[in-house]
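Me: I'd like to learn how to read a helix and the aromatic rings packed around it. Can you walk me through one?

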Amino acid sequence: MRKLKAALTALILCALLALAACSRASAPPGFMEATVTEVVDGDTVHVRLSGGREEKVRFIGVNAPEYTKEVEPYGKEATDYTKKHLLGKKVWLETDAQERDKYGRLLAYVWLSPPQGKSPSAEEVREKMFNARLLLDGCAQVMTVPPNVKYADLFVKLQREAREARRGLWGLK
């Protein structure tokens, strides 16, 4: 009887540990987990991938005002926005058709929490994707560079919404 109780307790404990492991946020296949280690400007960061490799990441589909060598209106605000939301945080990177630009930077959509699948809804993109948040809060404009066009149509709608509400750079005079 004692052996049965001990075995049952061990079985329940294993089941609880398995459930806890499954409940942690994990990315769908094709997404890379990373931690943001440095913010270059509003649309470019450095990350450490889960395997330890460092990458410079340029966000797909958006262009924030410059705040590096050249300083454009709203550049500081866009850079500060990205620092506030990403620096030191865990993110999930989704690539598109072209993985790198001519400068060797990894091109990615940056997710604040992993999407539920390979084809997230527009609402999930609005809530969880940082590229979309930059557009919605007026910290960047749409910049579509084929062949990376997975969310291009949605990004245009998000930018229009921010512009009509005069958010961020759209409120500048």
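Reply: Exposed means over 50% relative accessible area, buried under 20%, and partly exposed in between (1.4 Å probe, protein chains only). Helices are DSSP runs of H or I with at least four residues, strands are E runs of at least two, and both are numbered from the N terminus. This is a predicted model, where local features need pLDDT of at least 70, side-chain atom pairs count only at pLDDT 80 or more, and totals for chains, interfaces and linings use all residues. Residues are numbered from 1 along each chain as its sequence is written, and side-chain values use heavy atoms, leaving out hydrogens and water.

Me: Which residues of α5 are buried?

Reply: Those are Ala152, Leu154, Phe155, Leu158, Gln159 and Ala162. Seen down the axis of α5, they fall within an arc of 155° (taken from the directions from the helix axis to the C-beta atoms), so they line one face of the helix.

Me: How many aromatic pairs are there?

Reply: Rings of Phe, Tyr and Trp (its six-membered ring) pair if their centres lie within 6.5 Å; planes under 30 degrees apart are stacked, over 60 edge-to-face, the rest tilted. By that rule there are seven aromatic pairs. Tyr109 and Phe155 have ring centres 6.2 Å apart and planes at 75°, so that pair is edge-to-face. Tyr109 lies in strand β6 and Phe155 in helix α5, so the pair ties together parts 46 residues apart in sequence.

Me: Which residues form one aromatic cluster?

Reply: Phe31, Tyr109, Trp111, Tyr151 and Phe155.
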